[in-house]
Amino acid sequence: MTDAVLSPGCRAADQSADRYFRKGCNPLAETGRSKQQNQRALLNQQILKTVRMRAGAENLLRVTTNNKVKDQVLLELSYINSNLQILKEELEGLNISVEVYQNTEEAFSIPLIPLGLKESKDVDFSIPLKDFILEHYSEDGSEYENEIADLIDLRQACRTPSRDESGVELLMSYFVQLGFVENRFFSPSRHLGILFTWYDSFTGVPVCQKNLLLEKASILFNIGALYTQIGTRCNRQTQDGLQKAVDAFQRAAGVLNYLKETFTHTPSYDMSPAMLSVLVKMMLAQAQECLFEQLCLPGIQNEFFTLMKMAQEAAKVGETYTLVNTAMNQTPVKENIPYSWSKLAQVKSDHFKALAHYFVATVLSDHQLRQNDDEDQQEKAFSQLYDHMPEGLTPLTVLRTQGQRKQLGKLHLQRALACHEEALRVCSMCKKLRNIEVLQEILSVAYKRSRLKFPQQEWGEDFLSLVQAPDILPKTDQKIEMIGPVFSKVKDFFERLGPLTVFSAKQRWTTPRVVHFHCETEGLGFSLKGGPPAHVYCLDPASPAALAGLKEGDYVVSVGDVDCKWLGASEVLEKFGSLREQKEIEIEVISCQDTAASMHNKSATYSVGMQKTYSLICLAMEEDKTDKAKKVTPKLSFLSWRTKNRQKAASTLCLPSVVTGSSPTKKKLMSPFTLFNMDSSLY
């Protein structure tokens, strides 16, 4: 099936009447990528079932006093643990299977590493949102069934995005929509009871929270993962395809870094700061690799300055992969990163270092300084190649002396062969890498090329044969930088509730009051200002409107049958002017209430398989308004929006509390949430 897209609402002819494709979503595409996602989702469910069985067996073992029962439970636990280990190994095999995401055309390129999407369970927003609309906004929640259905449909589509820009736009639109939903419905004083479940993309461990920030963070991770899959499927045999791959990996790094800097204390391993730092480094390294392939694509001329430049470019790629490999082998990342990923980073590090030394060896052995050559420019280029020259040598003497050039070239060729052999050795030690034929072929061809050049060199009795060739300084003319996410403006599904700056979950309002009054010939007896919505000021206490119940500061939400939530003062006055001939004017107004004392929210995170984690879901709300003398210690939740707290959490159980009487300080957020007027104190 192709990635054809039908506009929302347009029914697919070959599908049932109740289904359609949303732009950027391709749930029925029978490709290798979608099959892998389905296999990952099935494994996640099996892992969750097995972990629950283990938790139950552990609880039984903890409370039983019968030795016979204990022996039987211990036997069952050993079976469950072995089965769980097998399932995790199968999941790891899916995560490290990079071939399925590569470009389908035959290419002689080293595979790149993509990220798999996080899986999630269905979420039903209907009942909680309808109840909140009725309770908080005093409107009939059933009138917003279409908006709620659009939100559910959008979330469902985001579970199977297409691997292209449309899929990215789909995920970004849902992420921005979550900002509207959070401000509209997620009050700091209560939980809606909506449980979000997401699976760790590496371990398959489920994480459940009644916290919308988990949903936001997971969607951001999937945006970055989708960019990596777009980058790996680009055609790397063309300049345009390589440029698209570079851009995709830069954007993936930008999104993952934005996730790391924005959300802290995430309860999922794949979104921990340490893991995200490694993933950002890996994406930038792959972008640097694609840039190097761009330089190699037209062909490398056997010319002094060209080979010098390519040597330093290759050294730069090798250096970036060395940093990635070092980061992957640090705890706690080492325990969760796929083994073949770290080995592939090590293989690439050795491979590109070998290429750098091979280019320098070719320069020194094949090129001689001629009379018409620019000696100063060659000396300058050669002096910038090393951090320090071997003892007793200078750049100019090496260029002028044929014996020294050849001897130094042999040393570089020796190091190239050593790096090639190390790359082949590491590749042969990893089962997954051994099965990637194109990787084995590329490493073998590069090694044979250096071996063929090595017998051409004759070794003399010189002291240089006893030293090692110096390291090549990495250098690139094109610096790789992260490209942060750019969120486009989307329509708020629930804009009928009114302007978000006024009609939000943070504001408390009275039930709409109907005011009937007669319009005087002198005027209304009050003025309007601001908006939308407009509010009453300069109210004459003796006016008919005031006597009918209108108060200073009331917000006018309707005049007659016209909804005025989105109208300013001048527009509402025009509505009054059109009704001046009527004997009686009917308006609806609301009044802002003082914010009630904040409730002490208690929430728990269910994260199976993590250390110091409760093996049951504990999500509750308690009201403790009577015991005001009790001292409450504020604590942060796992996901903190724009809030940095480096203190390591001792448990996955977190009880955030808001001290009553403290006024939250407003903090201006970056795009796209400058539209939402959010407070950091909500989190």
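**View 1. Strands β8 and β9 pair in the antiparallel sense over two bridges.** The model shown here and in the other views is predicted. β8 covers residues 555-559, and β9 covers residues 562-563.

View 2. Val 556 stands opposite Val 589 in β10. How many of the five residues of β8 are buried? Five of the five are, so β8 is largely enclosed by the rest of the structure.

**View 3. Strands β1 and β2 make an antiparallel pair over four bridges.** β1 covers residues 196-199, and β2 covers residues 206-209. Two facing positions can be picked out. Thr 197 stands opposite Cys 208 in β2. Tyr 199 stands opposite Pro 206 in β2. β1 and β2 form a hairpin with six residues between them. The turn includes Gly 204, whose phi is positive at about 80°.

**View 4. Side chains of β1 and β2 are shown on both faces.** In a regular strand the side chains alternate between the two faces of the sheet. From β1, Phe 196 and Trp 198 point one way. Thr 197 and Tyr 199 point the other way. All of these β1 residues are buried. On β2, Pro 206 and Cys 208 lie on one side, with Val 207 and Gln 209 on the other. These β2 residues are all buried too, and both faces of the strand are covered.

**View 5. Helices α11 and α14 pack with their axes 7 Å apart.** Two packed helices are described by the angle between their axes and the distance between the axes. Here α11 (residues 339-366) meets α14 (residues 402-429) at an angle of about 160°. That angle makes α11 roughly antiparallel to α14, because angles over 145 degrees count as such. The crossing of α11 past α14 is left-handed. What kinds of residue make up the contact of α11 with α14? The contact divides into 14 nonpolar, seven polar and seven charged residues.

**View 6. Gln 414 lies in helix α14.** Is Gln 414 buried or partly exposed? Gln 414 is partly exposed, with a relative accessible area of 39%. Gln 414 and Gln 468 are 54 residues apart along the chain. Their C-alpha atoms are separated by 8.5 Å.

View 7. Gln 312 has a relative accessible area of 9%. It is therefore buried, as that value is under 20%.

**View 8. Arg 233 sits in the loop between α6 and α7.** α6 covers 212-232, and α7 covers 239-262. A polar atom of the Arg 233 side chain lies 3.0 Å from the backbone oxygen of Arg 163. These two arginines are 70 residues apart along the chain. Their C-alpha atoms are separated by 8.8 Å. Arg 233 counts as partly exposed, at 28% relative accessibility.

**View 9. A cis peptide bond joins Thr 331 and Pro 332.** Most residues other than glycine have a negative phi, and most peptide bonds are trans. For the bond between Thr 331 and Pro 332, omega is about 0°. Where does Pro 332 lie? Pro 332 is in the loop between α9 (304-328) and α10 (333-336).

**View 10. Ser 138 has a positive phi of about 55°.** Ser 138 takes this value although it is not a glycine. The residue is found in the loop between α3 (126-136) and α4 (145-158). Ser 138 is partly exposed, and its relative accessible area is 28%.

Definitions and conventions
Residues are numbered from 1 along each chain as its sequence is written. Side-chain values use heavy atoms; hydrogens and water are left out. Axes are lines fitted to C-alpha atoms, for helices over the stretch in contact, and angles run from 0 to 180 degrees between N-to-C directions. Angles under 35 degrees count as roughly parallel, over 145 as roughly antiparallel, 65 to 115 as roughly perpendicular and the rest as oblique. A crossing is left-handed if the near helix is turned anticlockwise from the far one by less than a right angle, and right-handed if clockwise. Ala, Val, Leu, Ile, Met, Phe, Trp, Tyr, Cys and Pro count as nonpolar, Asp, Glu, Lys and Arg as charged, and the others, Gly among them, as polar. Buried means under 20% relative accessible area, exposed over 50%, partly exposed in between (1.4 Å probe, protein chains only). Two strands pair if DSSP finds at least two bridges between them. A polar contact is a pair of N or O atoms within 3.5 Å; within protein, one must be able to donate a hydrogen and the other to accept it, and residues adjacent in sequence count only if both atoms are side-chain atoms.
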